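Reader: Hi! I'm new to this one, could you walk me through it?

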Amino acid sequence: SHPPLCPPGIKCGGVLSAPSGNFSSPNFPGPYPYETECTWLIVVAEGSSVLLSFSHFELEYHAACAYDYLQVYNGAARDRGNLLGTFCGRSPPPPFASAWHVMAVIFRSDRHVAKHGFAAAYRKGGGGGRQWKSIHPSVLPHHPHHLCLPADACGGQLTGLSGEITSPRYPESYPNDAECHWSIGGASSGGPLTLVFADFQVEGGQGCGFDYVAIFDGPTTAAPCLGRYCGSAHPPRTVSSTPHLLVLFKSDFNIGGRGFKAHFYSAGECQEVFTTIKGNFSSPRYPNFYPNNLKCQWSIQLPPGYRIKVFFMDMELEGRSSLTGSCDYDHLAAFDGGTENGSLLGRWCGRESPVPITSHHNQLLLVLHTDRNMAKRGFSVAYVGVVPMNVSCTRTDFHIQIPVQSLAQLERNRIYLGTPSCAAQVVGGNFKIHTRFDTCGTESQKRNNTSVIVSTLYIDFSVGNQEDVHQYEVQCEPKRKEASVILIAGPDPSRLSLAENLVEVQQQDGGVMDTREIKSQDTSDIVFISICILAGLLMVIAVVGLVLL
């Protein structure tokens with residue numbers, strides 16, 4: 001009832017059971033056919049591994065390999081935890097060694113653009129002993145021989161930049177007497193690897209002597225052990241010092257658990273903590289496409305009293321779900337506080353341009369989730385700490401107070417209202433500015449049909465030739481004696497376009513101090529000239545009147 005996956009007469013896929021052999025895309029070295037899907041299952045002797053390499057490779061390019069692609073799996077089934085990689089374009093996949101004696105290779109082409117395809121060779125390699133069971137007949141409808149697979153597929157050689165590993169049968173209870181080795185690494189980036197556990201429930205016990213997960217800082221168990229874990233507490237985030245990690249899972253003869261699920265990635269910039277008053281960061285590999293299957297966290301932790309304002313410079317993630325209209329796939333989320341338990345400040349995807357967000361506390365967490373397919377350019381953000389300050393006003397004066405400990409490294413002349421001549425004084429434990437409205441660059445404006453007094457507070461964090469001046473708009477409504485303050489500029493100086501945009505927005509609302517001064521000078525000049533002209537006209541009229549009389 002189903003149409004053939006390949007046009008008639010084209011050999012496509014099959015079971016390769018010789019100790020070594022070659023295979024290639026249909027028509028190779030000519031262009032492969034459209035709308036084709038081929039699956040090769042490579043099976044070597046039990047207890048051995050499959051060694052796979054590619055001599056030629058050219059598929060239609062797409063940044064997320066969404067059109068034509070080749071996938072390599074450990075085992076026969078398309079278990080996403082056993083996906084070794086998805087490939088397209090001209091860069092050949094790296095050599096692979098399977099975790100057991102079965103490997104699957106899947107080639108797919110769509111209805112547009114055909115390239116020359118690929119040529120691959122495989123051979124039997126060494127391997128460790130495992131328990132085996134027969135393949136279910138439905139997996140191999142065309143295979144005449146009896147084949148074997150691991151009783152509970154586990155372990156593998158994982159060479160992608162990111163991926164997921166799970167215990168056998170997860171989330172159902174893992175089997176007894178299991179031993180799994182996941183060798184992670186070998187990707188072209190060659191950087192440290194990060195391993196994060198999303199779920200963990202393994203039989204506990206004194207010293208984790210029964211069931212356990214052990215993590216080694218290298219490709220074998222001879223490498224230094226980074227930790228041995230059991231029970232129900234998630235193991236801590238682990239970062240290797242080499243481009244390799246080995247994860248070992250062992251279970252004994254009784255008592256099991258749900259097991260574990262863990263993510264790994266070689267993007268070192270995927271987990272960072274920032275404690276400086278300002279900074280900027282971006283998604284892994286930005287502006288190139290980010291990896292799939294990531295969970296990245298950027299935690300901003302500033303001194304008590306500070307709040308954090310985040311400016312979104314650029315964002316292009318996978319778009320919203322057409323079914324739900326929500327950011328169900330790749331998305332960036334911001335949480336108020338240091339954990340995902342904090343209140344959600346926003347969740348974004350696609351090509352959105354979020355307005356700046358401000359935390360309510362001194363910690364903010366940004367989390368990027370990416371799924372297993374479709375990647376985009378990612379995002380770039382800048383943040384700045386909003387200095388804790390108390391601003392009040394009377395009908396004639398501004399009062400500004402900032403704890404010295406919040407700006408402990410700054411001299412008082414680095415904090416001024418309007419002009420450097422209106423610098424702060426140190427009184428007790430506070431920087432204080434107490435000034436009348438008719439000084440320090442203040443000016444009266446109409447906002448929402450209400451008269452307000454507006455000025456700009458400058459805090460100068462500059463070091464050497466690196467200019468870094470944060471600006472706050474200070475506003476007072478004298479009739480109500482109500483004051484407010486808002487951060488208007490201050491991200492990284494290398495992101496000047498953002499600061500300029502912020503200035504433009506402020507000018508629409510009434511302008512930044514410098515332009516206000518120019519505008520007021522221009523206005524006063526025009527008024528003065530107008531008065532002079534009017535006086536001259538009046539004098540002419542008076543003289544003419546006298547002559548006529």
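Author: E352 counts as partly exposed, at 21% relative accessibility; the term covers what falls between buried, under 20% relative accessible area, and exposed, over 50% (1.4 Å probe, protein chains only). This is a predicted model, where local features need pLDDT of at least 70, side-chain atom pairs count only at pLDDT 80 or more, and totals for chains, interfaces and linings use all residues. Residues are numbered from 1 along each chain as its sequence is written, and side-chain values use heavy atoms, with hydrogens and water left out.

Reader: Thanks! Which side chain does E352 meet in a salt bridge?
Author: That of R320, at 2.8 Å from N to O. A salt bridge here is a side-chain nitrogen of Lys or Arg within 4 Å of a carboxyl oxygen of Asp or Glu.

Reader: And where do E352 and R320 lie?
Author: E352 is in the loop between strand 26 and strand 27 (357–358), and R320 is in the loop between strand 24 and strand 25, so the pair ties together parts 32 residues apart in sequence. Strands (E, at least two residues) are DSSP runs, numbered from the N terminus.

Reader: Is R320 buried or partly exposed?
Author: R320 counts as partly exposed, at 44% relative accessibility.

Reader: How many salt bridges are there in the whole structure?
Author: A search finds 13. Among them, K295 and E340 pair through their side chains at 2.8 Å, N to O. K295 sits in strand 23 (residues 295–301) and E340 in the loop between strand 25 (331–336) and strand 26 (344–348), so this pair ties together parts 45 residues apart in sequence.

Reader: What about R377, which partner does it meet?
Author: The side chain of R377 meets that of D314 in a salt bridge, 2.8 Å from N to O. R377 is in the loop between strand 28 (363–369) and strand 29 (378–386), while D314 is in strand 24 (residues 307–316), 63 residues away. There is also a network of salt bridges linking D314, E316 and R377.

Reader: What does W40 touch, then?
Author: Leaving aside residues up to four places away in sequence, its contacts (heavy atoms within 4.5 Å) include F23, M103, F107 and F118.

Note on methods:
Helices (H or I, at least four residues) and strands (E, at least two) are DSSP runs, numbered from the N terminus.
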